Amino acid sequence: MDSHGERAENLAQLIKRIRDTYNVNESQIARAIGVTPATVNSWTQGRRGTKRGPNPEKLRALAREYPKFTEVEIFAAANRAAPGPLSQDAEEQLLDLFRGLTEEQQRMKLIELKALNDSNKR
């Protein structure tokens, strides 16, 4: 439910709005974001395929290909928290910092980051 007591839009409803707004079908959406038509169909049928749900990169691709829909609303429809933006500078800085860690520290950070990422998928 959203802040007004209304049920939030789910991914199937959002895909239908994309289809209607852009006059495209599921196969065209699938091609545009690099998944199979069966994947998009599973989203419209409410089947996620895996416990994790739709891949965040594919959700971002929906926002890129269909810009009338924001990442925030697409991720919300998929019942996921939208990841924060990552500039090229920030990405390079993170990589530099990571490279400065010992092998053990890198393993620990990867475990920590995976746990944070997994908690955002719930």
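## Surface patch

Patches are made of residues with over 30% relative accessible area and no salt bridge, where like charges are joined within 9 Å and nonpolar side chains (Val, Leu, Ile, Met, Phe, Trp, Tyr) within 5 Å. In this predicted model, local features need pLDDT of at least 70, side-chain atom pairs count only at pLDDT 80 or more, and totals for chains, interfaces and linings use all residues. Numbering starts from 1 along each chain as its sequence is written, and side-chain values use heavy atoms, without hydrogens and water.

Leu86, Leu94 and Leu97 form a nonpolar surface patch with about 310 Å² of accessible area together (Shrake-Rupley method, 1.4 Å probe). Leu86 sits in the loop between helix 5 (71–77) and helix 6 (88–99).

## Helix 2 and helix 4

The axes of helix 2 (residues 26–33) and helix 4 (residues 56–65) come within 9 Å and cross at roughly 105°. Helix 2 is therefore roughly perpendicular to helix 4 (65 to 115 degrees). Ile29, Ala32 and Ile33 of helix 2 contact Lys58, Ala61, Leu62 and Glu65 of helix 4 (heavy atoms within 4.5 Å). By class, five residues of this contact are nonpolar, none polar and two charged.

## Helix 1 and helix 3

Helix 1 (residues 11–22) and helix 3 (residues 37–44) have axes that come within 7 Å and cross at roughly 120°, which means that helix 1 is oblique to helix 3. Leu11, Ala12 and Ile15 in helix 1 meet Val40, Trp43 and Thr44 in helix 3. This contact has five nonpolar residues, one polar and no charged.

Notes
Axes fitted to C-alpha atoms, helices over the stretch in contact; angles between N-to-C directions. Helix = DSSP H or I, 4+ residues; strand = E, 2+ residues; numbered from the N terminus. Parallel < 35°, antiparallel > 145°, perpendicular 65-115°, else oblique. Nonpolar A, V, L, I, M, F, W, Y, C, P; charged D, E, K, R; others polar. Salt bridge = Lys/Arg side-chain N within 4 Å of Asp/Glu carboxyl O.
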